[in-house]
Amino acid sequence: MLKTTLLNAVQAGAAQLMHYYNGSFIISNKEGVNNLVTEADHAAEKAIIEVIHNDYPDHFILSEETGEIISNSEYKWIIDPIDGTVNFANGIPLCCVSIGLEKDGEMILGAVYAPILNELYFAQKGFGASLNDKRIHVSQKAELIHSCLVTGFPYTYLDAPNGPLPVFEKLIRKGIPVRRLGSAAIDLCWVAAGRFDGFYEHHLQAWDSAAGFLIVQEAGGKVTDFEGNAFSVYQPHVLATNGKIHEELRAVLNGGEIKM
Ligand code: IPD
Ligand code: CA
Ligand code: CA
């Protein structure tokens with residue numbers, strides 16, 4: 001069953017994450033300063049792909065460190081073996097395994113497992129979202145000015161007009177708390193759990209958002225690009241909110257002022 005395979009796969013990845021956490025491991029640099037990949041990312045990815053291939057040898061796989069294992073299957077597993085690698089490498093517990101499953105281009109299952117926090121988020125299209133088997137819902141906050149937000153920063157485009165720094169500055173100058181956790185998958189899950197009212201990020205990859213996107217939607221939230229279009233994991237801009245502050249935050253991302 002697909003759900004069982006998904007949960008076994010996140011557990012297998014998380015076992016590798018835990019094996020290396022706070023221990024010693026090889027760290028290499030990808031493009032960009034401090035854009036890291038560790039031995040643990042590769043070990044987690046190998047373990048995850050093994051589980052999926054054992055159960056479904058013909059399925060398409062898109063995984064951060066390996067890239068694509070192409071097949072003409074209608075099913076595509078989108079894998080981030082460790083999201084929050086910089087946290088992981090520094091012994092900061094905000095890191096997780098994130099896996100989404102698409103069928104015919106639609107996300108149908110998602111799981112994010114942060115083993116050090118003991119938090120397993122899961123969603124199935126049309127069946128809601130859960131944290132450790134308990135249903136979760138987005139927050140009810142209706143005004144941006146009273147919201148608690150989270151974001152992340154890319155390695156480039158920081159100063160672009162309406163880019164990450166100008167938007168961040170505009171929000172914090174109005175006193176709106178904007179956190180930066182360092183794991184987009186956890187950011188999305190914490191919107192789903194109602195801890196944050198909204199999340200935005202200017203430059204994500206499919207594996208960062210695949211599972212979390214479905215988890216937010218199934219928790220009653222809204223996910224779009226910055227124009228308000230239906231979200232696709234294959235474009236970089238992610239705006240995920242409780243739905244109530246969506247338009248207000250979307251306007252700010254496009255140069256609008258914050259209502260007091
Ligand atoms: C990163 C994290 C971070 C986000 C970066 C991602 P990684 O993923 O999700 O929060 O700001 O854009 O690349 O490299 O830790 O898997
Ligand atoms: Ca990631
Ligand atoms: Ca990663």
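**Reading the site of ligand 1**

Analyst: In this predicted model, strand β5 (residues 75-83) gives the most to the shell around ligand 1, with three residues.

User: How many residues surround ligand 1, and which are the closest?

Analyst: A residue counts as near a molecule if one of its heavy atoms lies within 4 Å of it. Here 14 residues surround ligand 1, and the closest are Asp83, Gly84, Thr85, Ala184 and Glu201. The shell divides into four nonpolar, five polar and five charged residues.

User: Which domains supply the shell around ligand 1?

Analyst: Domain 1 (2-135) and domain 2 (144-253) each provide at least three of its residues.

User: Which polar side-chain atom lies 2.7 Å from an oxygen atom of ligand 1?

Analyst: A polar contact is a pair of N or O atoms within 3.5 Å. The side-chain atom in question belongs to aspartate 83. Backbone atoms take part too: a backbone N or O atom of serine 183 lies 3.1 Å from an oxygen atom of ligand 1, and a polar backbone atom of glycine 182 is 3.3 Å from an oxygen atom of the ligand.

User: How much of ligand 1 does the protein bury?

Analyst: Taken alone, ligand 1 exposes 380 Å², and the protein buries 88% of that.

User: What kind of space does ligand 1 take?

Analyst: The space taken by ligand 1 is a pocket, the largest one.

Key
Residues are numbered from 1 along each chain as its sequence is written. Chains are lettered from A and ligands numbered from 1 in the order in which they are written. This is a predicted model: local features need pLDDT of at least 70, side-chain atom pairs count only at pLDDT 80 or more; totals for chains, interfaces and linings use all residues. Side-chain values use heavy atoms; hydrogens and water are left out. A polar contact is a pair of N or O atoms within 3.5 Å; within protein, one must be able to donate a hydrogen and the other to accept it, and residues adjacent in sequence count only if both atoms are side-chain atoms. Accessible areas come from the Shrake-Rupley method with a 1.4 Å probe; for residues, only the protein chains shown count as cover. On a 1 Å grid over the protein atoms alone, a cavity is a set of points where a 1.4 Å probe fits but cannot get out, and a pocket is an open set with protein on both sides within 12 Å along at least five of seven lines; lining residues have an atom within 4 Å of a point. A molecule sits in a cavity or pocket if more than half of its atoms lie within 2 Å of its grid points. Helices (H or I, at least four residues) and strands (E, at least two) are DSSP runs, numbered from the N terminus. Ala, Val, Leu, Ile, Met, Phe, Trp, Tyr, Cys and Pro count as nonpolar, Asp, Glu, Lys and Arg as charged, and the others, Gly among them, as polar. Domain bounds come from an automatic or database domain assignment.
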